[in-house]
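Please read it alongside the sequence and the coordinates.

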Amino acid sequence: MTLFAASQAQHLVRLSTIDTIIVVFYFALVLAIGFYLRNRAKTGEDFFMAGRDMTAWVAGLSFLSANLGALELMGWAGSAYQYGILATHWYWIGAIPAMLFLALVMMPFYYISKTHSVPGYLKLRFGEPARAVSAVSFGFMTVLMSGVNMFAMAKVLQIVLGWDINVSIWLSAGTVAIYVALGGLRSAIFNEVLQFFLIWAGVLLIPILGLHEAGGWSNLKIQIAHRASEQYVHLWSGLGSFTGNPMGIHWTGIVFGLGAIISMGYWTTDFLVVQRILAAKDIRSAEMAPIIGAGFKMMVPFIVILPGLLGLAVLPMKLVPESVATVTGAHSYNDVLPLMLARYCGPGLLGLGITALIAGFMSGMAGNVTAFTTVWTYDIYRPLINSKGTDHHYVNMGRWTTVIGVLISVATAYLVMQFASIMDYVQALFSFFIAPLFGTVVLGMLWKRATGPGGFWGLLLGTASSISMWAWVKVDPSALRYVAMSPHAKALAQDMYQALWSFLVCVIVTVAVSLATKPKTDSELNGLVYGLTEVPSVGNVPIYQKPHFWAGVVVVIFFVLNVYFW
């Protein structure tokens, strides 16, 4: 039985004429941007890297918007309903330190090497075998992730409007394929900036009207404690034990599994987001872009986590896990955002809200498709299949790969329907591919003794160990006590510890093999390793224009927020 049983076909609202006009206008606008930018994507540098002339603000907002898709809007709203304010950790400790680390430590190396991708850096640092492993695994991850966005958008349109799932999937897929194939990364970036503002304009109404209905933050906490548990409104105080919080996780899983491994891996090595920064026009813009993104990232829980918490307090029905909803016809955790949208938005506002959700889902889809296209063309097709093609040939390959990537994503959208929840699917993928990749990249940048064979075997065995642990728990659920350190751990907790162990496997194997093999000379590592590379300066600019100054401002706000919601 699929998630979209006939019993769930009844929709919550109907679009008025003005709502329909708003939605149709949005689709027309993103297609127009693609056609307008078509003539500015003739070379490989233009199509795959947007000509490397983006300002810090454009790159920074695109950097954040590429991540502001289904995972953010729908997945984490559902997780906030399921786990409470603990879901905010994925925005603060699970993002801010890593984004600043990318800006100040890793971005200079990516930028000065002029690589087109993270696998491209691994090729320079460790050789072709390490690049091949990372490119193939990343290609799998991007198209699997893209299916999440298609699935989520189809589910929203079905729940809110009663649209057929197949129509929703193919409409979004066709639109993304057209504007990315025409304008490449530049088209995706400009649409992502547009989508960033649409998302905020459309979704902001829910927390504002919801807090008014609940009687403010203090009354909201009282209502949540009454209807669920007081544990749902504390960010850190319940993490001293595995049983003191709804997620069944210890603070070590949050700090080390999430903060030190998964988030660092995602924000610094996931080419989906790093690609946007590589399009910056100079080194200062490349460093400022993630810092700008971090500033806005800290505010995103207001439009994502807060609607989930409000759902706990004000929705008349009790939401259930997706597996239960499939059988009973009830609404699942993943439905909380569209349910809140239907609760507060009337004619006109509903069209804006629906457009905001569509924008978020298409932004996530486009991010995955452009990343997949670049990695396939530059890191798989060119080095392994056809290394003698012209620049025009690779641009055409990129356009065709865009279409193929979208079609594969459509297939994965149907695959996602078989999983219990969006977050189970996504976080499992991150623990498979992102955590060990971060171990390989960070050792390559910070330790000159790391060798090519060490990087290859560390990445391969780290990835294999994570997939093996996941399969072990699937086959034998009692293994959870070993993988997640507690039999009470929920799926997200398992993913955090799974990522931590796979990172450690990668690092241990890389170090052991590197010590047993011959390293490269210092001259060969110039520009690739700290201590052997002259890091470029942002220039003689006033202090308020320096990346380190704004990174300090973000750090102060970060600590204030964590203490306030402790």
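**Second largest pocket**

The lining of the second largest pocket comprises 13 nonpolar, 2 polar and 1 charged residues. The model is a predicted one. The pocket has a volume of about 310 Å³.

- Of its 16 lining residues, Trp-57, Met-288, Ile-291, Ile-292 and Trp-550 are the closest to the centre of the second largest pocket.
- Two or more lining residues come from each of the elements α3 (56-65), α13 (283-297) and α23 (547-564).
- The most is given by α13, with 6 residues.

**Nonpolar patch and helix α18**

- Trp-170, Trp-400, Val-403, Ile-404, Leu-407 and Ile-408 make a nonpolar surface patch of about 610 Å².
- Helix α18 (residues 391-416) gives the most to this nonpolar patch, with 5 residues.
- Val-403 is in helix α18 and counts as partly exposed, because its relative accessibility is 32%.
- Val-406 also lies in helix α18, but counts as buried at 4% relative accessibility.
- Between Val-406 and Met-150 the C-alpha to C-alpha distance is 10.0 Å, although the two are 256 residues apart in sequence.

**Helix α16**

- Helix α16 (residues 336-344) has 8 of its 9 residues buried, so the rest of the structure largely encloses it.
- The buried residues of α16 are Val-336, Leu-337, Pro-338, Leu-339, Met-340, Leu-341, Ala-342 and Tyr-344.
- Arg-343, in helix α16, is partly exposed at 35% relative accessibility.

**Salt bridges**

- The whole structure holds 3 salt bridges.
- Glu-213 and Arg-343 meet through their side chains in a salt bridge, at 2.6 Å from N to O. This pair links distant parts of the chain, since Glu-213 is in helix α9 (residues 205-214) and Arg-343 in helix α16, 130 residues apart. Glu-213 is partly exposed, at 40% relative accessibility.
- Arg-131 forms a salt bridge with Glu-128, with 2.7 Å between the closest N and O atoms. The two are 3 residues apart in helix α7 (residues 128-161), so about one helical turn separates them. Arg-131 is buried, with a relative accessible area of 8%, whereas Glu-128 is partly exposed at 25%.
- Asp-522 and Lys-448 form a salt bridge between their side chains, at 3.6 Å from N to O. Asp-522 lies in the loop between α22 (491-515) and α23, and Lys-448 in the loop between α19 (422-446) and α20 (452-475), so the pair ties together parts 74 residues apart in sequence. Asp-522 is partly exposed at 41% relative accessible area, and Lys-448 is partly exposed at 42% relative accessibility.

Terms used. Residues are numbered from 1 along each chain as its sequence is written. This is a predicted model: local features need pLDDT of at least 70, side-chain atom pairs count only at pLDDT 80 or more; totals for chains, interfaces and linings use all residues. Side-chain values use heavy atoms; hydrogens and water are left out. Patches are made of residues with over 30% relative accessible area and no salt bridge: like charges are joined within 9 Å, nonpolar side chains (Val, Leu, Ile, Met, Phe, Trp, Tyr) within 5 Å. Accessible areas come from the Shrake-Rupley method with a 1.4 Å probe; for residues, only the protein chains shown count as cover. A salt bridge is a side-chain nitrogen of Lys or Arg within 4 Å of a carboxyl oxygen of Asp or Glu. Helices (H or I, at least four residues) and strands (E, at least two) are DSSP runs, numbered from the N terminus. Buried means under 20% relative accessible area, exposed over 50%, partly exposed in between (1.4 Å probe, protein chains only). On a 1 Å grid over the protein atoms alone, a cavity is a set of points where a 1.4 Å probe fits but cannot get out, and a pocket is an open set with protein on both sides within 12 Å along at least five of seven lines; lining residues have an atom within 4 Å of a point. Grid points are joined across faces, edges and corners, and a volume is the space filled by probe spheres set on the points. Ala, Val, Leu, Ile, Met, Phe, Trp, Tyr, Cys and Pro count as nonpolar, Asp, Glu, Lys and Arg as charged, and the others, Gly among them, as polar.
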